[in-house]
Amino acid sequence: MPKMKTHKGSAKRFRRTGTGKIMRAKAFKSHILTKKSPKRIRGFRKETELAKGDAKVVSQRMGKN
């Protein structure tokens, strides 16, 4: 069988940590920021770990690196 190609959309949206966790960016940061508090907007900058169920699928699409 040929090698599996990396899904480029997934590769751009997620990253794998040294310990193997998959990290993602937070949503709701793009527009209509006037009604969101500065504290809330600062929180959107941080990455968060992907849910276990989603991580399984994304890990497969990103390849085994």
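Is F28 buried or exposed? At 60% relative accessibility, F28 counts as exposed. Buried means under 20% relative accessible area, exposed means over 50%, and partly exposed lies in between, with a 1.4 Å probe and protein chains only.

## About the model

This is a predicted model, in which local features need pLDDT of at least 70, side-chain atom pairs count only at pLDDT 80 or more, and totals for chains, interfaces and linings use all residues. Residues are numbered from 1 along each chain as its sequence is written, and side-chain values use heavy atoms, with hydrogens and water left out.

Helices (H or I, at least four residues) and strands (E, at least two) are DSSP runs, numbered from the N terminus.

## The loop between β2 and α2

F28 sits in the loop between β2 and α2. F28 is not a glycine, yet its phi is positive, about 75°. I32 is found in the loop between β2 and α2. Its phi is near 55°, a positive value in a residue other than glycine. Most residues other than glycine have a negative phi.

I32 counts as partly exposed, at 47% relative accessibility. K26 lies in the loop between β2 (22-24) and α2. At 34% relative accessibility, K26 counts as partly exposed.

## A positive patch

Which residues form the positive surface patch? They are R24, K26, K29, K39, R42, R45 and K46. Helix α2 (residues 38-45) gives the most to this patch, with three residues.

Patches are made of residues with over 30% relative accessible area and no salt bridge; like charges are joined within 9 Å, and nonpolar side chains (Val, Leu, Ile, Met, Phe, Trp, Tyr) within 5 Å. Lys and Arg count as positive and Asp and Glu as negative, while His and the chain ends are not counted. The place of a charge is taken as NZ of Lys, CZ of Arg, CG of Asp or CD of Glu. Accessible areas come from the Shrake-Rupley method with a 1.4 Å probe.

The buried residues of α2 are I41, G43 and F44. They cover an arc of only 155° around the axis, which puts them on the same side of α2. The arc is that of the directions from the helix axis to the C-beta atoms.

The face of α2 turned away from its buried side carries the exposed residues P38, K39 and R45. Of these, K39 and R45 also belong to the positive patch.

## Two sides of helix α3

Helix α3 spans residues 52-62, and its buried residues are A55, V58, S59 and M62. Seen down the axis of α3, these fall within an arc of 105°, so they line one face of the helix. The face turned away from the buried side carries the exposed residues G53, K56 and Q60.

G53 lies in α3. It counts as exposed, at 54% relative accessibility. G53 and I41 are 12 residues apart along the chain, and their C-alpha atoms are separated by 27 Å.

A51 is found in the loop between β3 and α3. A51 is partly exposed, with a relative accessible area of 43%. A51 and K35 are 16 residues apart in sequence and 28 Å apart in space, C-alpha to C-alpha.

## One salt bridge

Side chains of opposite charge can pair when their charged atoms come close. A salt bridge is a side-chain nitrogen of Lys or Arg within 4 Å of a carboxyl oxygen of Asp or Glu. How many are there by this rule? The count comes to one salt bridge.

The side chains of R15 and E47 meet in a salt bridge, at 2.7 Å from N to O. R15 lies in strand β1 (residues 14-16) and E47 in the loop between α2 and β3 (48-49), so the pair ties together parts that are 32 residues apart in sequence. R15 is partly exposed, with a relative accessible area of 41%. E47 counts as partly exposed, at 37% relative accessibility.
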